[in-house]
2 protein chains.
Amino acid sequence: MEPVALPWGRPREERADAARNRAHLIDVARRMVAELGADKVTMDGLAEQAGLGKGTVFRRFGTRAGIFHALLDEEERHFQQRVLSGPPPLGPGAPPVERLIAFGRARLEFLVEHMVLARASLDPGQPVPVSESPSLFHVQMLLNEACPAEAASGALAVQLVAALEGPILLYLRGEGTPEVDGLIASWQVLAERVCGVSSAR
Amino acid sequence: MEPVALPWGRPREERADAARNRAHLIDVARRMVAELGADKVTMDGLAEQAGLGKGTVFRRFGTRAGIFHALLDEEERHFQQRVLSGPPPLGPGAPPVERLIAFGRARLEFLVEHMVLARASLDPGQPVPVSESPSLFHVQMLLNEACPAEAASGALAVQLVAALEGPILLYLRGEGTPEVDGLIASWQVLAERVCGVSSAR
C-alpha cells in the first residue's frame with residue numbers, strides 16, 4: 001500500500017510531510033470511527049475533517065476499506081507479536097495442535113474485539129487475497145507440523161482459516177449466531193480432530 | 001424481500017404490473033451482467049436500461065447486492081431441490097457423514113459456477129444473517145444426526161459452513177489459492193474427522 005516513489009525523486013521535506021499526513025489521517029479517522037461509527041466514515045469526509053485534499057487520502061488508502069485496514073494494522077502487529085514471540089501455547093514452544101487451539105481462541109477474541117474495523121476493512125466485491133492473510137501463514141505452518149500429509153495441498157489451511165474468521169467477518173452476529181465461547185470450543189474440536197488427536201468418539 | 005402489501009390494498013392490475021416489472025428487471029439485469037460484468041451493474045444503470053423508475057428498482061431489490069441475490073435465487077432453488085429430494089448421497093437416503101461430504105462437493109461446485117453472482121450478492125459491510133443461510137440449516141441437520149453432542153451449540157455448523165463457503169466468498173482465487181478439487185478433498189477430511197469417522201491417523 002506504500003506509494004511508489006516518483007522516478008525523479010521528492011525532496012526530503014515532502015516525505016516527512018507524507019508521514020505526518022499519514023499519522024494525522026489515522027488520528028482523524030480513529031476519532032471519526034469513535035464519534036460517528038465506521039459506516040459514516042467516507043474518503044471525502046475524512047479529507048474534509050483532516051483538512052487535506054481528497055487526492056492525498058486516496059493516494060494514502062486507495063479505497064474506503066483501506067482506511068479501516070490502516071486502523072486495524074497497528075492492532076494486528078501487536079497480535080502477530082504475541083503469536084511470533086509471546087509465551088506458549090500461543091507463542092512458540094508448545095506442540096502444534098495446542099498452538100493451533102490457542103491461536104484460534106486468541107484470533108476469535110481479537111476479531112470480536114475489533115469486529116467493526118475488521119469487517120469495514122474488507123473491500124466490497126474485492127475478496128481478500130488469501131496469500132496476504134497472516135492467519136493463513138500461521139495455520140499452514142502449524143498444520144505442516146501436526147499433519148503434513150493432509151496439509152500439503154494448502155486447501156485445509158484455507159478452510160480452517162475460513163472456519164475461524166468467516167463466522168465473524170462474513171456472518172451477522174445476532175439472533176441464532178453462536179457466542180464466541182461456542183466458536184472457541186468448536187474450533188478446539190476442529191483442530192484436535194483434523195490433526196488426529198484422539199478425542200474422536 | 002417481497003414488498004409489504006399496502007394496508008388500503010392495490011388494484012389487481014398493479015400487482016400484475018409488479019410481477020411483470022420484476023421479471024423484466026431480472027431479464028435486464030442478467031443481460032447487463034453478461035454484457036458488462038457484474039461490477040458495472042448499478043441501481044441507476046439497471047433502472048435506465050429497464051426503462052423503469054429508480055424507485056421501482058429500489059423497492060424491488062433494496063440494495064445493489066439485492067439485484068444479484070435475485071439473480072442467484074433461481075439457481076439456489078434448483079440446488080436446494082437436489083439436496084432435498086434428489087438422489088443420494090446429496091439427497092436423502094445416505095448416512096449423514098456421506099451426505100455432508102456430498103453436500104460440500106456440490107456446494108463448492110455450485111459456488112465456483114456462480115462465483116461472480118454469489119460474491120456480488122453479499123452486501124458490503126452487511127454480513128449475511130446466519131439464520132438465512134440454507135447451507136447452515138442443512139449442515140446443522142446432518143451434524144445433529146452424525147455427532148449430536150458436538151453439534152448442540154450450533155457453533156460447529158457455523159464454522160463448517162464458513163470452511164465450505166468462505167474460501168470462495170471471502171478470499172481471492174488466484175495465485176496461492178487452492179483449486180476447487182483441493183477444497184473438495186479437504187472438506188472430506190474435515191467432515192469425516194469432525195464426526196469421528198476413523199480415517200484419523
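Contact here means heavy atoms within 4.5 Å. Keep that in mind, because this is a predicted model, where local features need pLDDT of at least 70, side-chain atom pairs count only at pLDDT 80 or more, and totals for chains, interfaces and linings use all residues. Residues are numbered from 1 along each chain as its sequence is written, chains are lettered from A and ligands numbered from 1 in the order written, and side-chain values use heavy atoms, without hydrogens or water.

Start with Ala65(B). It sits in helix H4, residues 64-85 of chain B. Helices are DSSP runs of H or I, at least four residues, numbered from the N terminus. Is Ala65(B) buried or exposed? Buried, because its relative accessibility is 4%, and buried means under 20%, with a 1.4 Å probe and protein chains only. Beyond four places in sequence, Ala65(B) touches Ala120(B), Ser121(B), Leu122(B) and Asp123(B). Asp123(B) is 58 residues away in sequence, yet 5.3 Å away C-alpha to C-alpha.

Next, H7(B), residues 134-146. Its buried residues include Leu136(B), His138(B) and Leu142(B). Among the elements covering them are H4, H5 and H9 of chain B.

Now H9(B) and H10(B). Their axes, lines fitted to C-alpha atoms over the stretch in contact, come within 11 Å and cross at roughly 175 degrees. That makes the pair roughly antiparallel, the term for angles over 145 degrees, on a scale from 0 to 180 between N-to-C directions. Leu160(B) and Leu164(B) are among the H9(B) residues there, and Trp187(B) is one of those in H10(B).

One caution, on chain A. Residues 1-11 stay under 50 in pLDDT, the predictor's confidence per residue, from 0 to 100. Where pLDDT is low, predicted coordinates should not be read in detail.

Key. Helices (H or I, at least four residues) and strands (E, at least two) are DSSP runs, numbered from the N terminus. Buried means under 20% relative accessible area, exposed over 50%, partly exposed in between (1.4 Å probe, protein chains only). Angles under 35 degrees count as roughly parallel, over 145 as roughly antiparallel, 65 to 115 as roughly perpendicular and the rest as oblique.
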